[in-house]
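Q: I would like to learn how to read a few features of a protein model. Could you walk me through them?

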Amino acid sequence: MTENIRRKFFLRTFGCQMNEYDSSLLADKLSSLGWEKTSKSEEAELIIYNTCSVREKAEQRVRAHIAESSALKRRKKGKTKLAVIGCMAERTGKALLNDYPEIDFVLGPDYLFQLPDLLNNGFKGEGIFTASKDGNVSVLSSFEPKTELSGKGISAFVAISRGCENYCSYCIVPYVRGPLRNRRVDDILSEVRQLVSKGAVEVVLLGQNVNSYEDGRIDFPDLLRMVSSIEGVKRIRFTTSHPKDVSEKLFRIMAETPQICESLHLPLQSGSDRVLTLMNRGYTIGQYKKSMELARRYMPDLCLTTDLIAGFPTETEDDFEMTLKAVESIGFDAAFMFRYSNRPGTAAERIKDNLTDEIRISRLNRLIDLQQSQAKLRNQRLIGKIAEVLIDGISKKDISEPRGKDRGGRTVIIKGANNLKIGEFVKVKIIGAGSWTLIGEVV
Ligand code: SAH
Ligand code: SF4
Ligand code: F3S
């Protein structure tokens, strides 16, 4: 009788879309092997945390969850398996086991797909699998999903590469995700076809720097065009772009291809050339601006979003004000803004610095205030305009109101229409706007 009861797993994901993508592939694999997903860690036989190392805070959050599950595991007297996978697993390795002996498996991003096999084989021994322990910089040369992909709803992530070798001086990602490895075009296209056959109408191409993609003579804009020619793909988005690698060809193909949304996430990080050099970003503020002028010439409705860091080591008040100025003059529709967080082993760690946390926090708050007001102004310019919205859910505030995304990626709450279905495209007139959310009514 017990054979009919499916073993349950709990999987919680931290960090970026790449982690979400990895988690969904892993969940597919576990499901195909007879596991059932649960949202309650107490009833799970297997607890998995897919982790992020990008900032110290991200790691602290993960640690709190591991501690909680360790206590749960002690109460249940060892019946539960606990796996910590992903970027923090790679970075922390064995030290994590020393802190939390209840952990059964520590698997870096290139090893996490081995988890189901390890469980099946009844693996005993020290379950640490990381590239740094192996002395092997890139284990997964390609990472073709071996299992059938389950439907991921109307919008699906597709990774086009793994890893990054840009080595921005503050960033841990190249150390935990390994060097850049591009997937083969054919594999990407066949994954997109499979997802479309399961109901996806939007695909989001993922990579740490999608613009450095290449497979033979095919570059990223070529790939975009190839994805757009797949029947059933109605919308294409991609993230993240790197300012040093965007090109006129990219903007032209975005503008020419109706399926590609006028949406670009292009992290600026700082408005000061001195800081950008210290960050090893490979562009100046002048180049960034020029490139965005060109992008907007091709796509006047471009929705431009960015990432900004406040308080990079040695950042002066003048440097910081240049970031504020850049925010004002470029005009971002949205921004993710972070206080600099020191990551062990990165080049920025070695830069001598006397900035205090107070300064960093206060600069971050000033930056957020400015950007929020800018975003609101930019969104208010959309009032009266018509937007194409892909319905993807219901409003969090009022469940009678459908919600969706416009082509720029902005959330639009739709008033006075409760007969819209998820996956439906509707034309709406924008009647209200906040810092990120728009209000619309069907026309
Ligand atoms: N590959 C992407 C994503 C990198 S991580 C890219 O290049 O944009 C996402 C963002 O986190 C970065 O753009 C940066 O703004 C921020 N970030 C990365 N490391 C950080 C650190 N040490 N402290 C604060 N913010 C950081
Ligand atoms: Fe990190 Fe820079 Fe690579 Fe982005 S491009 S993942 S910020 S090293
Ligand atoms: Fe975090 Fe790893 Fe993504 S460090 S931001 S989960 S690549």
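Q: Are Y283 and Y288 buried or exposed?

A: Buried means under 20% relative accessible area, exposed over 50%, and partly exposed in between, with a 1.4 Å probe and protein chains only. Here Y283 is buried, and Y288 is buried too. Keep in mind that this is a predicted model, in which local features need pLDDT of at least 70, side-chain atom pairs count only at pLDDT 80 or more, and totals for chains, interfaces and linings use all residues. Residues are numbered from 1 along each chain as its sequence is written, and side-chain values use heavy atoms, with hydrogens and water left out.

Q: What fraction of the residues of the protein chain count as buried?

A: Of its 443 residues, 53% are in that class.

Q: How many aromatic pairs does the structure hold?

A: Rings of Phe, Tyr and Trp (its six-membered ring) pair if their centres lie within 6.5 Å; planes under 30 degrees apart are stacked, over 60 edge-to-face, and the rest tilted. This structure holds nine such pairs. One of them joins F10 and Y49 edge-to-face, at 6.3 Å centre to centre with 75° between the planes.

Q: Why is the pair of Y283 and Y288 tilted?

A: Their ring centres are 6.1 Å apart and the planes meet at 45°, so the pair counts as tilted.

How values were computed. Chains lettered and ligands numbered in written order.
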